[in-house]
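Dear colleague,

I am passing on the model we discussed, together with some notes on what was found in it. Please look through the structure first and then read on.

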Amino acid sequence: MSEQLFKINGIELCAESFGNPEHPTILLIMGAQASMVWWEKDFCRRLAAKGRFIIRYDNRDVGRSVTYEPGYPEYTFEDMTDDAIHILDHFGIAQAHIVGISMGGMLTQILALRHPERVLTVSLLSTSNFAPDLPPMEDKVMDYFSNAAATDWTNDAVVIAFTVGKWKVLAGSKHTIDEKRIYDLASEEVKRSRNMASMNNHGMVTGGEFYLVRTGDIDVPALVIHGTEDPIIPYEHGVALACAIPEAVLLPLEGTGHELHHEDWDTIIDAIFNHTQLEMNNHE
């Protein structure tokens, strides 16, 4: 199905679906400063082909969803979590399997605690509950993102180059970086965006603390997938998260960074399918 732009509570959100709506739903929640294009269409189609109805969407301040003046996000992480519920409502979905990466994984945790009646399972990629004493992001990430303020966000070529550079910094050592693939996705993101500069608002959003200290209360099957060479949310965060959520399963991606690399797709798609299938079998 093609992209849909719809308004709820005065907020415009953009979403796209793949597969048969009669199949169990998986809602994909992307990370910070990234639109839904980074859940690549082929990834969505392959997951849908296994018998799932896939929905991806743009969070606020990215893609075709509502944007705010750069530096002034007028929303919280709780608001972003509720947006996910509005997406499900729009599609008429009572319950869904939720898959979130990075910030999207944080929103997924909040969702499982804030709206538990809507969540069947959670799959948490490259994310954290940011418990105390976990290691910080690597210096190379801080150094790279410190250049964001000096970037000309009105210049498409400059923005695309910044995005390609970002994914190079976040990559692990296992996979070769497919620069053309990243360039094409970055170009698509720029073309779809209402205001690229607004994506930096994600770094200023507040809230969520009430939920993230309670991840031990998450009461649905949880799968934690984490690259062992993640430079922005180090692997130890994934280990700690899997320990915090009762009976969570941890799947390490050896040599993978903070990325959804296409060479890991088979592993990730099979793991998510089996995880969601296991929950369905438990209810039969």
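A cavity here is a set of grid points where a 1.4 Å probe fits but cannot get out, and a volume is the space filled by probe spheres set on those points. Please keep in mind that this is a predicted model.

With that rule, the count comes to 1 cavity of 30 Å³ or more, and the largest cavity holds about 40 Å³ of space. Its lining is made by Leu125, Ser126, Ile225, His226, Gly227, Leu253, Thr256, Gly257, Glu259, Leu260 and Ile268, which divide by class into 5 nonpolar, 5 polar and 1 charged. Strand β7, residues 222-227, gives the most to this lining, with 3 residues.

As for the chain as a whole, there are 9 helices and 8 strands. The radius of gyration is 17 Å, close to the 19 Å that the globule rule gives for 284 residues, so the chain is as compact as a globular protein of that length. Taken along the principal axes, the C-alpha atoms fill a box of roughly 55 × 40 × 35 Å.

One helix pair may also interest you. The axes of helix α2 (residues 77-90) and helix α3 (residues 103-114) come within 9 Å and cross at roughly 75 degrees, and the two helices are therefore roughly perpendicular to each other. On the α2 side the contact is made by Phe77, Glu78, Met80, Thr81, Asp82, Ala84 and Ile85, and on the α3 side by Met103, Met106, Leu107, Ile110, Leu111 and Arg114; by class, this contact has 9 nonpolar, 1 polar and 3 charged residues.

With best wishes

Definitions and conventions: Residues are numbered from 1 along each chain as its sequence is written. This is a predicted model: local features need pLDDT of at least 70, side-chain atom pairs count only at pLDDT 80 or more; totals for chains, interfaces and linings use all residues. Side-chain values use heavy atoms; hydrogens and water are left out. Axes are lines fitted to C-alpha atoms, for helices over the stretch in contact, and angles run from 0 to 180 degrees between N-to-C directions. Helices (H or I, at least four residues) and strands (E, at least two) are DSSP runs, numbered from the N terminus. Angles under 35 degrees count as roughly parallel, over 145 as roughly antiparallel, 65 to 115 as roughly perpendicular and the rest as oblique. Contact means heavy atoms within 4.5 Å. Ala, Val, Leu, Ile, Met, Phe, Trp, Tyr, Cys and Pro count as nonpolar, Asp, Glu, Lys and Arg as charged, and the others, Gly among them, as polar. On a 1 Å grid over the protein atoms alone, a cavity is a set of points where a 1.4 Å probe fits but cannot get out, and a pocket is an open set with protein on both sides within 12 Å along at least five of seven lines; lining residues have an atom within 4 Å of a point. The radius of gyration is taken over C-alpha atoms; the globule rule is 2.2 Å times the number of residues to the power 0.38.
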